[in-house]
Amino acid sequence: MTSVTPSLPLQGKNILLGISGGIAAYKAADLVRRLKERGADVRVILTPAAAEFITPLTLQALSGNPVGLSLLDPAAEAAMGHIELARWADFILVAPASADVIARIAHGMANDLLTTCILAADAPLAVAPAMNQQMYKNIATQNNLATLKSHNIYIYGPAAGDQACGDVGMGRMLEPLQLAELVVDFFKFHSKTIALPLPKPLIGMKIAITAGPTREAIDPVRYISNHSSGKMGYALATAASALGAQVTLISGPVQLATPEGVTRIDVTTAQDMLQAALSVASNHDIFIGCAAVADYRMAEVAPQKLKKSADKDQLTLQLVKNPDIIATIAALTSHRPFTVGFAAETEQLAQYAQNKLTSKNLDLICANDVSAAGQGFNSEQNAITVYGRHSEHSLVLQHKTTLAQALITLIVEQFQNEKKH
Ligand code: C5P
């Protein structure tokens, strides 16, 4: 009887793993194992700083190959020179990638074995940033990462969360298992026409978002509603899902396609939206109220079409107040999600937004000046100021797509900070 062994996803692939200096270097040992168990042949290069965090012996034992340490090591060069090593690699992964190594790769430096191999290699390259959140946010690092992206270098992560230095925020290296799976995905899906994958720092995070208008029936053929297009809520859902979050989108009637990977619940009235919100909220980490909920609905919906009559020039509709969805969620006493609202104002933006933050018991409010030209309603661009109880962050005027990404990242950072305290 013959037995067939299924081929492993990285069988026959040569992976060059570059490890740079940082506390996450200890996780690289596990990463070597994860790559090996998927069938890869793994060779490791340590930067001098990485060798302060993890020993070459550990990585040699796990990879089953000699570990590269120095550009000027005659014995290593004789065994497999740096150009040969660069040619050997089918894929190069730098994990953890420190701010320093990212800067050096971005500028084409070749001042150690790792950066020399990277410069000499034709193989696809991915970096997994790992650093203090402030170093990650630093404009120099962000510019260097943008340079790497423009050189078609993949950027895996980072994730948000607790950091070894005690800070909370973006900058954690993705887990070895996630990185190994991203390498598998690269070989599974890579073709020159496929867009570069976005980093997925929000894996494991659950976010519920309300979007669009609500519609309140007057009679069987008419309704009260508003001009909300739902674009901002959908852009947030798209951004959160692309960054790896599990997203539930509670949507009023809009003309928009469901973003990829998002679970959509369609509702019509404010009361429907409230029911849907209550049924999902406590199962989510973050609840974002982006919907333009009708403030009032008919006290009683007319069972038949209201007729105009020749003798009446006026018609009075009796309306009652709708429930405040976001305030109801923010008032939950158990499993209350981190709750984020929106305020579109035409004047006294800061004052009105902060009043709403307090009166609705929100954690954050995203304030939007809808009177300013070229932003907000019916515009592709927007600028937002996000107020917390003790914080204020301004996101400059930009396209709604990048604004949504920046906003989601900021919201998650604030959520992580809150959890910490
Ligand atoms: O009170 P106002 O409508 O200005 O507040 C805006 C914020 O409150 C938005 O986040 C909106 O989604 C939410 N809201 C709600 N339910 C309502 C009214 C507003 O969730 N009935």
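A residue counts as buried when its relative accessible area is under 20%, and as partly exposed when the value lies between that cut-off and 50%. The model described here is predicted.

Alanine 86 has a relative accessibility of 3% and is therefore buried. Its place is in helix α4, residues 82-88. Beyond its neighbours within four places in sequence, alanine 86 is in contact with Cys117, Ala120 and Ala121. Cysteine 117 lies 31 residues away along the chain, yet the C-alpha atoms of alanine 86 and cysteine 117 are 5.0 Å apart.

Leucine 319, in strand β15 (residues 319-321), counts as partly exposed because its relative accessibility is 36%. Together with Tyr296, Leu315 and Leu317, leucine 319 makes a nonpolar surface patch of about 360 Å².

Eight strands form an open sheet with mixed pairing, in the order β12-β11-β8-β13-β16-β17-β18-β19. Its edge strands, β12 (263-266) and β19 (392-399), each pair on one side only. On average, neighbouring strands of this sheet are turned by 20° against each other, direction ignored. Within the sheet, β8 (residues 206-211) and β11 (residues 246-251) are parallel partners joined over six bridges. Isoleucine 207 stands opposite valine 247 of β11.

| Helix | Strands touched | Angle to a strand |
|---|---|---|
| α11 (residues 270-281) | β8, β11, β12 and β13 (286-289) | about 165° with β11 |

Methods:
Residues numbered from 1 in each chain as written. Predicted model: local features only at pLDDT ≥ 70, side-chain atom pairs only at ≥ 80, totals over all residues. Heavy atoms only, no water. Helix = DSSP H or I, 4+ residues; strand = E, 2+ residues; numbered from the N terminus. Buried < 20%, exposed > 50% of the residue type's maximum accessible area, 1.4 Å probe, protein only. Contact = heavy atoms within 4.5 Å. Patch = residues over 30% accessible without salt bridge, like charges linked within 9 Å, V, L, I, M, F, W, Y side chains within 5 Å. Areas by Shrake-Rupley, 256 points an atom, 1.4 Å probe, with all protein chains shown as cover. Salt bridge = Lys/Arg side-chain N within 4 Å of Asp/Glu carboxyl O. Pairing = 2+ DSSP bridges. Axes fitted to C-alpha atoms, helices over the stretch in contact; angles between N-to-C directions.
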